[in-house]
Amino acid sequence: MRTSKYLLSTLKENPVEAAVDSHRLMLRAGLIRQVASGIYTWLPTGLRVLEKVERIVREEMNKKGAIEISMPVVQPAELWKESGRYVKYGPELCRLKDRKQNEFVLGPTHEEVVTALARREIKSARQLPLNLYQIQTKFRDEIRPRFGVMRGREFIMKDAYSFHIDHESLEQTYADMYDAYSRIFTRLGLDFRPVEADTGAIGGNHSHEFQVLADAGEDTIVFSDKSSYAANIEMAEALPPTEKRPEAKDPYSKAPTPGCHTVDEAAKALGIEANQVLKSLVVHAAYEEGEKPQLVMICLRGNQELNEVKAGKIPGIANPIEFANEEEIKEFTGATPGSLGPVGFKGRILVDRAAAVMGNFACGANETGFHLVSVNWDRDIENYEVFDLRNVEEGDPSPDGQGHLHLRKGIEVGQVFMLGTKYSEAMGATIMDENGKLIPMEMGCYGIGVTRVVAAAIEQHHDDKGIIWPDSMAPFKVAIIGLKLNKSEQVRLTCEKLYQELLERNVEVLFDDRDERPGVMFADMELIGIPHVITVGDRSLSEGMIEYKSRKTGEKEQIKVEKALEDILKKIA
C-alpha cells in the first residue's frame, strides 16, 4: 500500500477527550474516529488490526471444532422475556419498536437467539456437543462510555455458545475454550492472566475471565505469590482473621461527632484510627416489584471496602446491591448516613468476618451527629450474621492457603462461562436422554471483546512516540520511507524495487511515497507502530546500503541493498 493512495489519518496533537493511552493513540494514529458517545468508525489502519485479531480468533476456534454462524443484532424482545432478562438486564439493554409496534432489542449478547436456534435445529443427542460462534457487532447502552473502545456502546465481540447432553461434556468444551483463549492471547502478544470470575448478568455457575495486565484497567485482579491462584477481586475470598476478638471493657457511651459524614472524619473527631471505627452501610433486602423494600445493615471495618458482588449473593439481599437513600434511612433509623450503627438497629445485620473480631469499637449512634464508643458484639449487639463481605487487600493470605495476595489492574478481554441449564430450561431447549426423557441441554458461553483487545494491546505496547504493535497485530509488517523520493531517481527506483519484491512475497508493506519532510514520515511510522522500518536515502545508497530500524527495540542497522530483501524476510519471519 502506498501512503499516497491510502487514508493515513494521523494527528499531531493529543486529543483532549482521551483519558487513557490507548484512546489517545488510537485517535492520533488514525485507527478510529468518534461518531457519537461510545460509537466509533474504524478507519483503514484500525480495521487492518481488527482483521488480524479476528483471523487469529477464527483459527483457534476452528481448531477446537467450533462452527461459525451469524446472528442478527436486532432481536425480538419476546426471546428476552422468555429468558427473564428483558427486565433484569437493566438500562444497558437498548429497547426499540418497529413501525408495527413490535418490540425488539439491540443485542448486547446472544444467549436468547442461539438458544432459540438450538431448540429448533438440534433434534438428536447425536448432534451434541455442538459449539456455535460468531464475530459480530454488539450494543450496550453504557451509562458512561469512556476510554475509547475499551468501554464503548457499540463494539465487536466473538461470542460462542455450546450445547451438551450432560455436565461432563460441558466441562470438556469449557476446558477446550479455556485452552483456545490462552492460545489466542498468547499469539496476540498479550501479557494476560486467566482469573476466577463472577458470572454477572450472563448467569451460570462457573466462569473465568482473561485479564490483560495494564494500569488503565478497570478491573482489579488478585493473585498469590506462591501458587497459581488468581481471581477477579469480586470473587477472591477474604479468609477469616486468625486474631481473636478482644475482651469487652467499659460499657459503651455516646460521643458528639458533629459534621462527621465519613469514617475518617469520625475517627479524627474521636481521636482513634479508622480501623477502630465500624463502617455501617444500609441496603435493600430482596423484594418484589411494587413492594417497599426492607432495610438491611452491612458492617465492615472502617478502613475496608464492601464487595458488592459478595453481598449481592447473600440470600435475601437485592442483587445487584441497592443502597438505601437518605430519606429511607432517616425514616427507618431517625438518623442520617454518617451516624449509623448496629446498636438498636431494627433490621437484619450482616457483619464482615474482619469486623466480627473487632472489640471496644466506635460506631454511629443512629442519632445524627453522635457516635458510640466501646461497643462490643454479643454484649451490645446480639442478633447479627457473619459473612465474607469485603474486598481482599494487598498482603492478605491467599484463599488456597499458599502465600499472600497481590493486586494488579487488568482489562477484561475474554470470559468463559458454564451456563448450565439457565437458558435452555427457561426457553425449552430440550433433548432426549438415553432413558427417553426430555431434559434441558447443558450450555456454555465464551466471549472475546475483539475491539477491546486492540485497546488492551496498545496499553501494554506503546512508548512516547506511539504504538509498538506485536507483529501478529500490526496493520503492516514493513514500512519503506524514501528520503527526497521525488528528487532522487536512485532512491525512487530502490524503493519501488523493494516494495514490489515484498508484495510478491505477500508481505504487508506500507510505502511512504508522500512529498513530506523526513521528520513527518518517521513520526507517522512510529506513531502507527509498524514493526520494521526501512529508510532509503542517497547518502546510504552511495555506500550500497539502506537503513533498517526495529520499532520495538529502536535499534538501527545498515544492510546491503543487494541483500535487503533476504535480510528483511529473515527479520519478519
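Biologist: Which residues of α2 meet which residues of α6?

Modeller: R55, I56, V57, E59, E60, M61 and K63 in α2 meet M177, A180, Y181, R183, I184 and R187 in α6. Contact means heavy atoms within 4.5 Å. This is a predicted model, where local features need pLDDT of at least 70, side-chain atom pairs count only at pLDDT 80 or more, and totals for chains, interfaces and linings use all residues. Residues are numbered from 1 along each chain as its sequence is written, and side-chain values use heavy atoms, with hydrogens and water left out.

Biologist: Why does N366 count as buried?

Modeller: N366 has 14% relative accessibility, so it counts as buried. Buried means under 20% relative accessible area, exposed over 50%, partly exposed in between (1.4 Å probe, protein chains only).

Biologist: And why does D378 count as partly exposed?

Modeller: D378 stands at 42% relative accessibility, so it falls in the partly exposed class.

Biologist: What makes phi of these two worth a look?

Modeller: Most residues other than glycine have a negative phi. N366 has a positive phi of about 55° and is not a glycine. It sits in the loop between β17 (361-364) and β18 (370-375). D378, also not a glycine, has phi near 70°. D378 is in the loop between β18 and β19 (385-387).

Biologist: How do you know that the peptide bond from L128 to P129 is cis?

Modeller: Its omega is near 0°. P129 is in the loop between α5 (111-121) and β7 (130-139). The bond from N319 to P320 is also cis, with omega near 5°. Most peptide bonds are trans.

Biologist: Which residues of helix α13 are buried?

Modeller: In α13 (residues 518-528), V520, M521, D524, M525, E526, L527 and I528. Their packing partners include α1 (21-28) and β29 (545-550). G529 follows α13, with a positive phi near 80°.

Methods. Helix = DSSP H or I, 4+ residues; strand = E, 2+ residues; numbered from the N terminus.
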